[in-house]
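This report describes selected features of a two-chain model. The sequence and structure come first.

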Amino acid sequence: MSALSDTWYMTGRAFRAFLRQPMYVAFTLIQPMIWLLLFGQLFKSVTELPGFGASNYETYLVPSIVVMSGFFGAGWGGMAILDDLTRGVLDRFLVSPVSRSSLILGRLIVQVLSIVIQAVIILLFGAAVGASYHHLVIGVLVLMVATNLLATAIGALSYGLALLVRREESIIAASNFVLLPLQFMSTGFMALILMPHWMQEVTKYNPVNWTLVAGRGALGASPDWGPIFENIGYLAALMVVCAWMSTRAFRSYQRSM
Amino acid sequence: MTAPTAREAFAIDARDLVKTYKGGVRAVRGVSLAVPAGTVFGLLGPNGAGKSTLVKMLTTLSAPTGGTASVAGYDVVRQQRQVRRAIGCVAQNSGVDVQATGRENLMLQGRVYGLRGAQLDAKVDELLGRFGLGEVGERFVKTYSGGMKRKLDVALGLVHAPQVLFLDEPTTGLDPEARAEMWEQIRELAWDQGLTILLTTHYLEEADQLARNLAIVDQGLVVTEGSPDELKAQLHGDAVSLELPPETDTHAARSVAVDKELLSDVTVDGLMLRGRSADGAAAVPGLLAALEAAGIRVCSVTVARPSLDDVYLRYTGRSFTAAERAADQAAKAAQDKKGEGR
């Protein structure tokens, strides 16, 4: 009971902090649109390559931008925890009887909220520049679920990393080192069949690609539900593992006190 | 205030607390403390003496490597929930949320402790008023001065009306004016409200002013313990200096003081007669009477109490400032080493 109300109040705190950074809000909402326009123009002609499959690149790109914006944002999540940690806010709450999980859950819930808002804006903007979606309700739902599973996993890892290394530079370096390669070694911008063979192998183990297979698949004209749910399953498993690792990091932080 | 019952006579009761960090750093090496309810207890020591580590163990933030402790009657390891409800803690590292307003900080803190509705509003208003933050309550904390932030920190520790309050270096970094205000607040909390307060400080004056009892901590150990006056009395005593008028027979005066055992370590230097007494203020009337009986007048009397710095020097073999400097250097060296390993 108090764990629920604690989570509610911690969510409120994180949400207010989110809204109070107008530049950040603007950035998270505008940047995806810029990506959509930029990549949409840059890679437009790949649809003409034999074997690409899709004929409209915007339709192909929109789910990828939704996923990319979601998990990139999550990768930086550790920065906020680090801020609480260095300012002593985290310790203040740890001395109180507040539910421990609410400290992490509150932030993850705000992350889900921001990803949903971001995704809606990208989907609307995408439609405006020519993307088309089939199975709108179920398709969008699957895309949102998959993206949030991935983002929650990445967010939990980022929090864990922040609690372990306690350095901004490390989080920045780790994010840059991990996030971009994950995005480019997926079917985010390029069809699987046109990738070099070794990279095709890599995509099988790339969670970003699992998310795309599920999300893009569900929005497509004839969804193949088997692989979609299989990949959602992988993502759920990944999230559980990452959440576990994050709680381990939290314990390790407490032990180090 | 109701008098404490025998059972909870000690609001803080620590026995042989030990904290050894990974890598073998022994921050606390066996500390026992007994703090009676309703008193201010001072932990005095230089940076790196283990004060904060001790507070972290007593506030459930850090698990002791050895020993036991109870706070407000609850065991800090086995009854963490109860301890957390009973204590307020103001950490050395300020814990205010700078992205929120002062009022929001207090509201959230109150909710975490289960306060709701009108009761919470009333409590928050009361605290903002008491700490002189009424007018800035709706402002973001990032606009606050250091003193205001620190006051908010203390207010946060009081939202749920705790039985025991931990103040870890509450005035470090404050200007003298803000420090004096904070002292006033702490006195009021302890004397008017009967709160038990454990205060850590590296200001000798602060411990002297505020604490009824104090323990001097050095390198993870309590080196001595008692009321500030007791600690000072354990030294050779107060320095008593008498200025005698010209033409006085200083040897006769000396004989009076020595023969009647009114002073010890008596020396004569020109017209100054100096000696020591366990309680200088109490010794002066008898001394003056004895001198007058011997026909010796006195121009002036000075009684200088030994400072806590003298106490510190006696028990640790180094002056407080030297210890502080050594600790800062060690911390800096550790920081540099860490930097190289990056």
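**A helix pair in chain A**

The crossing of α3(A) and α10(A) is right-handed (a crossing is left-handed if the near helix is turned anticlockwise from the far one by less than a right angle, and right-handed if clockwise). Helix α3 covers residues 57-75 of chain A and helix α10 residues 207-219; they pack at an angle of about 140°, with their axes 9 Å apart. Axes are lines fitted to C-alpha atoms, for helices over the stretch in contact, and angles run from 0 to 180 degrees between N-to-C directions. The two helices, α3(A) and α10(A), are therefore oblique to each other (angles under 35 degrees count as roughly parallel, over 145 as roughly antiparallel, 65 to 115 as roughly perpendicular and the rest as oblique). Helices (H or I, at least four residues) and strands (E, at least two) are DSSP runs, numbered from the N terminus.

From α3(A), the contact is made by A:Pro63, A:Ser64, A:Val66, A:Val67 and A:Phe71; α10(A) supplies A:Val208, A:Thr211, A:Leu212, A:Gly215, A:Arg216 and A:Leu219. Residues are in contact if their C-beta atoms, placed from the backbone, lie within 7 Å. By class, this contact has seven nonpolar, three polar and one charged residues (Ala, Val, Leu, Ile, Met, Phe, Trp, Tyr, Cys and Pro count as nonpolar, Asp, Glu, Lys and Arg as charged, and the others, Gly among them, as polar).

**Basis of the model**

This is a predicted model: local features need pLDDT of at least 70, side-chain atom pairs count only at pLDDT 80 or more, and totals for chains, interfaces and linings use all residues. Residues are numbered from 1 along each chain as its sequence is written, while chains are lettered from A and ligands numbered from 1 in the order in which they are written.

**The sheet of chain B**

In chain B, four strands form an open sheet in the order β2-β1-β4-β5, with antiparallel pairing (strands pair if DSSP finds at least two bridges between them). β2 (26-36) and β5 (74-75) of chain B stand at the edges, each with a single partner strand, so one side of each is left without a neighbour in the sheet.

Strand β1 (residues 10-20) of chain B pairs with β2(B) over eight bridges. B:Ala14 is placed opposite B:Leu33 of β2(B). Helix α1 (residues 51-58) of chain B lies across β1, β2 and β4 (66-71) of chain B, at about 115° to β1(B).

**Contact between the chains**

Chain A gives 17 residues to the contact and chain B gives 22.

Note on methods: Two residues are in contact if their C-beta atoms, placed from the backbone, lie within 7 Å.
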